Amino acid sequence: MQEIIKEFIKNAELTTATTELVKNSEVSSALKKQIQNEKQVLSALGKKCDFESEKLITNPSNEDLKSIKTCITHSLYGIASTGSILIDNDHGFTSYSTMLTSKHIVLLAANNIYAKPRDIFKNDELLNMSSISIITGPSATADMGSLVRGVHGPEHLHIIIIVEDEK
Amino acid sequence: MKNKNYSNILPKDIADKSIKQNLFDAIQMALSVESASVKRNTKVFNTNRYIAVSKLNDYEELKDKARFLKEEAIKNLPDLIQNTRRSIEARGGHVFVAKNGNEANEYIKNICERKLAKLIVKAKSITSEEIGLNEVLEKEGIEIAETDLAEFILQISKEQPSHNVAPAIHQSRERISQLFKDHFNTDLPLETGEDLTKFARDILRSKFLSADIGISGANLIAADTGSILLVESEGNIRLTTHLPPTHIAIAGVEKIISNFDDLSVFIELLAASGTGQSLTSYTNILSPPIKAPLINLNERNDQKREFHLVLIDNGRMHMREDPILKEALYCIRCSACMNVCANFQSVGGHAFGGECYTGGIGGAWAAGTSGNVVDARFAELCTGCCRCVPNCPIKINIPRLNTEIKQRIIKQENSSKFQKRFFGHFSKLAKVASLTPKFSNFITNLPFTRYMMDELIGFERKRTIPKFSEITLVDAYNQHIKTFDKKFSNNDKVLLFADVFTNYNNAEIGMSVVRVFHQLGINLIVGETIDDGRALLSQGLVEDAKIKAINVSKYLKEKIDNGYDIIVCEPSVLTMFRYEYETLLPEKELYEAIRIKCFDPIEYLNTRYERNQIDLIRKSDLNSDDKIVYHGHCQLKSIGLGKEVSKLFGKMSVEIIETTAECCGMAGSFGYKKEYYDLSKNVGQYLGEEIKEINPNIIIASGTSCREQITDEIKEKIYHPIELLEKYIS
């Protein structure tokens with residue numbers, strides 16, 4: 001495994017996110033497993049991914065947004081030194097799904113992992129997005145005395161890191 | 001002073017620090033009610049920051065870069081405001097520049113009226129508290145839901161922030177639990193942090209889902225793209241800025257930097273310096289109006305998003321013209337300065353703060369935004385220990401800001417208080433007292449004398465007055481060389497500067513330096529009696545200190561030009577030469593010439609050892625069971641000399657245990673002043689407990705103040721490291 005992926009996994013898990021490394025062809029089955037206990041899941045995957053399931057709600061109603069507890073989204077980049085993923089809030093319902101649910105499952109292409117936070121600024125496409133969030137672990141607070149996870153955002157973050165299938 | 005019931009004082013009642021008694025009452029209230037929570041939380045932030053920045057390989061370069069970017073931004077601010085406006089308006093957003101709080105509040109009120117807003121969700125914005133936004137909107141019947149948990153707590157408790165990143169740091173879990181139970185009239189147990197968080201989260205979730213407008217602050221604004229950086233851990237900022245159809249961002253004009261790409265420098269520094277994380281849970285960059293689909297969760301009928309950036313002047317453009325206060329505009333509000341500050345750790349921002357600005361950097365902000373320097377009276381709690389200086393990501397000279405504020409308050413109140421003048425001119429008193437030291441020591445300890453000192457200058461009676469040495473260092477040295485006949489083999493020229501404290505009160509330490517250096521073959525001489533001016537600077541008598549500095553620097557330069565290396569025993573005097581002279585002396589070259597030739601005695605011996613010019617050999621018959629604790633002087637640590645003692649003794653295989661306390665709390669005259677005695681003791685007690693737990697048989701400390709403070713706690717003699725070295729090698 002490449003060093004940078006190892007570093008990413010180590011740091012992501014330090015933030016209490018969970019990770020798994022899969023090949024491109026295994027993505028659908030990995031996702032299926034992640035949502036096996038859910039009735040419905042908000043999906044912001046769009047056409048980039050060919051995962052299909054009856055559980056996926058791609059065009060949520062207001063009620064869906066308020067009640068469904070799990071979501072699946074893409075991420076644009078990963079950052080190895082912090083174990084973070086960057087998401088594009090402009091894309092469909094990515095923003096709301098990742099704010100209102102308690103579990104966020106996110107796909108990350110291993111090729112898109114950068115070493116440090118400053119490195120993502122090398123991408124000009126950042127300038128085309130009106131809202132991005134670099135997410136590092138679950139939502140948390142220490143204001144109430146002890147560290148509590150899952151405040152105004154997901155308590156669980158699961159990152160599926162995708163490597164190309166070997167030729 | 002102890003007769004009041006300080007635990008009943010409400011923080012809001014002592015927020016106005018222009019009233020002197022409020023500062024004193026706030027200290028007592030904080031020590032009795034808030035100290036434990038503040039200490040626990042700030043120490044966690046402090047420790048985590050050290051860990052997080054150690055992971056940044058280029059921390060020093062990042063700080064330099066951040067400093068440069070902020071200096072440029074403030075210099076070009078009028079243009080950058082225009083660029084910001086252009087970028088945001090090109091996307092259909094609105095930018096309003098408010099001269100003052102009233103203009104900002106009116107503008108925001110009008111938006112609320114137009115939007116028929118009944119409920120606003122708000123992310124943390126200290127700037128919004130500076131302008132009193134909530135009160136204005138609430139008067140119009142609009143409900144404001146503070147969504148940051150700390151602000152949620154403060155909204156219920158009706159208190160001002162006590163820290164700029166974690167505003168409710170003074171509240172313990174038990175107090176929060178009682179607060180919620182009383183306010184919400186609930187029987188729920190609410191005992192754990194988890195319970196409390198869930199309770200607040202459920203209340204706030206319904207607010208998010210029905211809010212008409214979201215109001216946020218901004219950490220930084222990039223002018224070229226009109227983008228806003230917003231960092232958080234809870235997720236409330238994401239919700240506040242995305243769910244409601246209208247988003248208003250409030251920011252001081254100083255938040256603007258030139259380019260989007262430069263945000264990369266700040267995002268790593270801000271998280272590490274602030275909460276000690278590599279990055280906070282959510283680092284958001286918005287270029288509003290944002291494109292996420294509008295969902296009108298609360299049955300509103302908005303057709304498109306509306307975005308307003310309200311930029312606030314409110315004294316900032318004036319600060320920009322102020323040669324000293326300008327530096328405060330570079331601040332990125334990370335809170336490192338408050339977390340590392342020993343006094344802040346003990347009392348928090350309700351004492352070391354005003355209506356909304358807190359901590360070391362808070363004084364300049366309070367003075368700059370209110371226009372009235374006495375609002376920054378809490379700057380008195382800055383002792384100039386300089387621990388904040390190497391920990392500020394923008395390298396702001398925070399002690400200097402506070403010294404300047406003290407000076408301006410003295411001028412405005414026309415009260416160069418007798419107390420300040422007494423401490424400031426200590427050297428004159430010492431000169432006279434040292435003519436008859438035994439008698440002076442006797443007189444100063446008489447009950448009547450202590451009574452008069454208490455009444456006239458507020459000198460705390462419980463403090464032991466430093467003794468005058470039986471003979472001054474200069475006289476002792478002159479006597480010593482009459483019988484000293486060692487010949488030195490080299491052309492060393494080393495001068496021990498006879499600083500006021502070493503000369504009059506610690507002559508035996510000065511003589512120890514002489515003997516040790518001579519034994520190691522270094523030709524050290526003692527300089528003439530001279531008033532170094534340190535005490536004046538510490539009192540905030542800056543103009544007087546500058547005059548002294550010019551005088552002393554002439555003396556030093558002459559010696560340096562004659563080839564002398566200068567040894568300075570008293571850490572606060574050494575720090576003045578190596579750091580504070582940069583702003584006291586008129587010429588940079590003079591400062592640089594002095595800075596590179598003044599040394600701490602232990603530092604100097606390390607350098608000579610590393611050049612193979614001296615040997616450090618321990619006497620073989622010495623007891624090797626010594627357990628030695630070293631308390632590093634705050635200012636020595638801040639100029640990078642915290643490790644010299646361990647290094648030196650390590651060369652003789654002697655282990656030194658270092659304390660972790662940032663500062664002993666005595667800080668020169670600070671701990672002698674009766675109004676600050678309790679605070680000083682609180683800080684000292686923490687250090688005392690740390691030392692007692694280690695249970696050493698020898699305690700060493702480089703600073704006069706530290707030795708006095710520790711002796712007060714531990715009741716044992718504390719040595720200067722050079723005295724311990726003498727014991728080991730002679």
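How much area do chain A and chain B bury between them, and what share of it is on carbon and sulfur atoms? I looked this up in what is a predicted model. The two chains bury about 4,300 Å² between them, with 57% of it on carbon and sulfur atoms.

**Chain A side.** I next listed the residues in contact: 44 residues come from chain A and 56 residues from chain B. In chain A, the residues that lose the most area to chain B are Phe121(A), Met144(A) and His152(A), together 21% of what that side buries.

I counted two salt bridges between chain A and chain B. I checked Arg118(A), which forms a salt bridge with Asp58(B); their closest N and O atoms are 2.6 Å apart. On the side of chain A that touches chain B, at least two residues each are supplied by helix 3 (62–67), helix 4 (94–100), strand 6 (84–88), strand 9 (131–135) and strand 10 (140–141). I sorted that side by class and got 21 nonpolar, 18 polar and five charged residues.

**Helix pair in chain B.** I then turned to helix 1 (residues 20–54) and helix 31 (residues 677–694) of chain B, whose axes come within 11 Å and cross at roughly 35°. The crossing of helix 1 and helix 31 of chain B is right-handed.

Definitions and conventions: Residues numbered from 1 in each chain as written. Chains lettered and ligands numbered in written order. Predicted model: local features only at pLDDT ≥ 70, side-chain atom pairs only at ≥ 80, totals over all residues. Heavy atoms only, no water. Axes fitted to C-alpha atoms, helices over the stretch in contact; angles between N-to-C directions. Helix = DSSP H or I, 4+ residues; strand = E, 2+ residues; numbered from the N terminus. Left-handed = near helix turned anticlockwise from the far one by under 90°. Contact = heavy atoms within 4.5 Å. Buried area = accessible area lost by both parts, 1.4 Å probe. Salt bridge = Lys/Arg side-chain N within 4 Å of Asp/Glu carboxyl O. Nonpolar A, V, L, I, M, F, W, Y, C, P; charged D, E, K, R; others polar.
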